[in-house]
Amino acid sequence: HLISSDNRGQMKEDFRQADRLYLIGRLISALSGLGSVILLGFIGKTLFDAKTGLTAAGLFAFSPAAIASDHFLKPDSLFLALGLLGLWMTFHWLKLGINLKRAFLIGVVFGLSASSKYTGFLYWPLALAAVWLGAKKPWKAASLTMAGLFLAFIVTCPYSVLSFNSFSHYFLGEISRVVNKDPRASSNLLLGVYQIITYYLPFSTSWLVAATGMAGIVIGTKWPAGPAKTIFLLGSLSTFAVISYSHTKNAIYTFPFLPFLILASACVINRVAAKAKSWSLILTVIALAIQAAEGLAIAKAFAAVNTREQASEWLLSHVSPGTEIGIIRSYYWTAPILRTHQSPFKVIKGGDDRSRLDEALAGWLNRDLPPYFVLSDIEYRDFLKSPASSPQRKALDRIFDNVEQVASFAYRPNFFGIPCWWRNPPFDLEYIAPDQRIFRRRESSR
């Protein structure tokens, strides 16, 4: 109905307007990312010194997960920028003293962070704890902080009040999904801790930051006692515990913990460099250069010809118009020439675009195989681990038994030929340039 001749013109105009809004949204993400770098630098200066602040800002500026997020129209960059603004206000005013006005403003900023993305709720306990520790009238100050939190959240997210039943159903459902869903095939919390430390954090930042940052958080327990130490350690432990138990598959969900990790990493790097005396600056620059190399390699993926575009160009050059081409279903990993309404090819899907991926894949059990098939590793890789008797695995076996690969396109970040990834990254880092594989049906299968 949406693409009927009667309303196609209006739909095209709507898409043109949506494109403009999308560009504005991407600009907001980019500016939020820039703001996060600056704010993290100020937090480092407030907690430690200017050198640590600059180091932390540099490490974050070249973190792969941050670079990827800042390119997309997603709420994560804005949520983090507002969260960092709240953390800077908190740590700065803990030194000066938190009066009632400052307590209210801290609540407002963290309320805005949560309305940008509900993950921002993780910072609310930090706001209340900081106000309680830093205010002369803790009860009154904490009450004003709560008022600021809820006022800012409700004003910028009126849906939470105007449609409270829907909001609460969705919100509680998200909590249930985070707690109960387990893509890593284990609900063991210790496995979650291991996966976060050895997989998600190295991809989100780098091995350098992950290793020195976790060491720095341990070292942080030896800092001089004070409210700032309490809030830093509370934030580090609480956000790490949540992301470890949330069973996430995406690097971007490490964002709440990253400020604490990167600040701790910068502190360790500068402490180690300081022991080298005359080599101090050189060692710090080397650490930043290592981080920059990985970040620039990730950023290069956005400037190069995308793997999806490469697949489209190959199909246009090697496959005759009108040829049937099979896909599982259309999604972000699909070559654009197969997603457009006026595709020169006849696109055959295992299910419609509203089907779940597993349902669409199972749909190929009983369909005739077309002359060509285009698949992305990201859409079928996990199903290869399914039991051989599952419909999805049977469908994949049927496809692969009857086709041969004729082309593939992939991008793996590298810096002057040195690869940055030695294993498959989290899903959201593959969004940038998902692998494309083009298969042709074997003559014997016709």
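Modeller: A residue counts as buried when its relative accessible area is under 20%, and as exposed when that area is over 50%. Please bear in mind throughout that the model is predicted.

Colleague: What makes Tyr123 count as buried?

Modeller: The relative accessibility of Tyr123 is 0%. The limit for a buried residue is under 20%, so Tyr123 counts as buried. Phe79, at 1% relative accessibility, counts as buried by that rule too.

Colleague: How many aromatic pairs does a search of the whole structure find?

Modeller: The search finds 27 aromatic pairs. One of them joins Phe79 and Tyr123, with ring centres 6.2 Å apart.

Colleague: Why is the pair of Phe79 and Tyr123 called stacked?

Modeller: Rings pair if their centres lie within 6.5 Å, and planes under 30 degrees apart count as stacked. The centres of Phe79 and Tyr123 are 6.2 Å apart and the planes stand at 20°, so the pair is stacked. Phe79 belongs to helix 4, whereas Tyr123 is in the loop between helix 5 and helix 6, so the pair ties together parts 44 residues apart in sequence.

Colleague: Why is the pair of Phe153 and Phe167 called tilted?

Modeller: The angle between the planes is 55° and the distance from centre to centre is 6.1 Å. Stacked would require under 30 degrees and edge-to-face over 60, so the rest, tilted, is the term that applies. This pair links helix 7, which holds Phe153, with helix 9, which holds Phe167. Phe153 has 4% relative accessibility and counts as buried; Phe167 is buried as well, at 9%. Both residues belong to one aromatic cluster, which includes Tyr118, Phe121 and Trp124.

Colleague: How do you know that the charged end of Arg329 sits over the ring of Tyr331?

Modeller: The charged end of Arg329 is 4.8 Å from the centre of that ring. The distance limit is 6 Å, and the charge must also be within 35 degrees of the ring normal. The pair is listed as a charge over a ring.

Colleague: What makes the link between the side chains of Asn306 and Arg308 a polar contact?

Modeller: A polar contact requires N or O atoms within 3.5 Å, one able to donate a hydrogen and the other to accept it. The contact between these side chains is at 2.8 Å. The side chain of Asn306 also reaches the backbone oxygen of Ile432, at 2.6 Å. Asn306 is in the loop between helix 14 and helix 15, and at 11% relative accessibility it counts as buried.

Colleague: Why is Phe415 called partly exposed?

Modeller: The relative accessible area of Phe415 is 31%. Buried needs under 20% and exposed needs over 50%, so a value in between is partly exposed. Phe415 is in strand 5. Phe415 and Glu294 are 121 residues apart in sequence, yet their C-alpha atoms are 7.0 Å apart in space.

Terms used: Residues numbered from 1 in each chain as written. Predicted model: local features only at pLDDT ≥ 70, side-chain atom pairs only at ≥ 80, totals over all residues. Heavy atoms only, no water. Phe/Tyr/Trp six-rings, centres within 6.5 Å; stacked < 30°, edge-to-face > 60°. Helix = DSSP H or I, 4+ residues; strand = E, 2+ residues; numbered from the N terminus. Buried < 20%, exposed > 50% of the residue type's maximum accessible area, 1.4 Å probe, protein only.
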